[in-house]
Amino acid sequence: MKQTLLAVAMLFILGSCASKKKLLTAQKQASEIQIQLDKARADLNDCDSRTAGLNNDLKAKNDELTSKNAKLKELEEQVEFLKKNNNNLLDRMSDLSVISKEGSESIKKSLAMMDAQGTQIRDLNTSIQKKDSLNMALVLNLKRSLADVSDEDVQIEVKKGVVYVSLSDKMLFKSGSSVINTQAESVLSKVAKILNDYKEIEILIEGHTDNVPIATDKVSDNWDLSVLRATSVARTLQKKYGVEPVRMIAGGRGEYLPKVANDSAPNRSLNRRTEIIITPKLDQFFNLYTPNAGK
């Protein structure tokens, strides 16, 4: 009986050991399977990541290809446009070559005219500079010669590019008269000497009066008086001091070009004057504007 029980116990123990061994084996296999499963999942995730990256790269490449295709199309359009322009330019160059052949002579003539005009302008500037220098010399010489004469009797100035010698009425004439006073002749002699030193100038003599009416047997009005006084100065310069009459012009302004308003006795005295206006010969300047003048 005891032996039987022992045998049964041994069988049970052996059976238990076998079951445990199988369990351990099964657990080990399950663990290995789990490891493989985890590894497979990791590989799958890695594959998914790579696939996503490849898809992104593919999209970028597609976008780049689309952009390059668009640029290629744009360049092709530009090439076509340039071809058309090139043809147009070739046609225009052909036209221009014809025009240049036909117009070359005209261009040469235009350039020659421009050169001539430039020469005229340079000549004119030179003449103007000479005139300014002449005016300065005249003023200095006149003021030096007339230094002992009162400024109230003689005024010398440059206006509008010409020299004005203004002689007062009270020095030259008696009231209402066109006969030159004896004491004024010394002043006119000094002016005449300067005028004779400069043969290249012309002389305009202008008589001026105030606006007080005048009427006598010899003078009908102020205009008449101003003309008579101008011609009287011109004759004195010619007959007594040798100024060539061809250089002189005598005229009267009457009361119509006053220096100041005729509203007081001192102002009216300033307006009663005879002006000797010294000018360059105008034909010298007109010749500058006329091509081939004097040739």
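## Basis of the description

Residues are numbered from 1 along each chain as its sequence is written, and side-chain values use heavy atoms, with hydrogens and water left out. Because the model is predicted, local features need pLDDT of at least 70 and side-chain atom pairs count only at pLDDT 80 or more, while totals for chains, interfaces and linings use all residues.

## Helix 4

Helix 4 covers residues 222–241 (helices are DSSP runs of H or I with at least four residues, strands are runs of E with at least two, and both are numbered from the N terminus).

Among the buried residues of helix 4 are Leu225, Ala230, Val233 and Leu237 (buried means under 20% relative accessible area, exposed over 50%, and partly exposed in between, with a 1.4 Å probe and protein chains only). The elements that cover the buried residues include helix 2 (169–172), helix 3 (185–197), strand 3 (201–208), strand 4 (248–254) and strand 5 (273–280).

## Helix 3 against helix 4

Helix 3 and helix 4 pack at an angle of about 70°, with their axes 10 Å apart (axes are lines fitted to C-alpha atoms, for helices over the stretch in contact, and angles run from 0 to 180 degrees between N-to-C directions). The two helices are therefore roughly perpendicular to each other, a term for angles of 65 to 115 degrees.

Residues of helix 3 including Leu188 and Ala192 meet residues of helix 4 including Val233 and Thr236 (contact means heavy atoms within 4.5 Å). Thr236 is buried, with a relative accessible area of 12%, and, not counting residues up to four places away in sequence, Thr236 touches Ile180, Leu188 and Tyr241.

Strand 1 (residues 154–159) and strand 2 (residues 162–168) run antiparallel and are joined by six bridges (two strands pair if DSSP finds at least two bridges between them). Two residues lie between the strands of this hairpin, where Lys160 takes a positive phi near 55°.

Val165, the bridge partner of Ile156, counts as buried at 0% relative accessibility. The C-alpha atoms of Val165 and Ile276 are separated by 5.0 Å, although these residues are 111 residues apart along the chain.

Terms used. Parallel < 35°, antiparallel > 145°, perpendicular 65-115°, else oblique.
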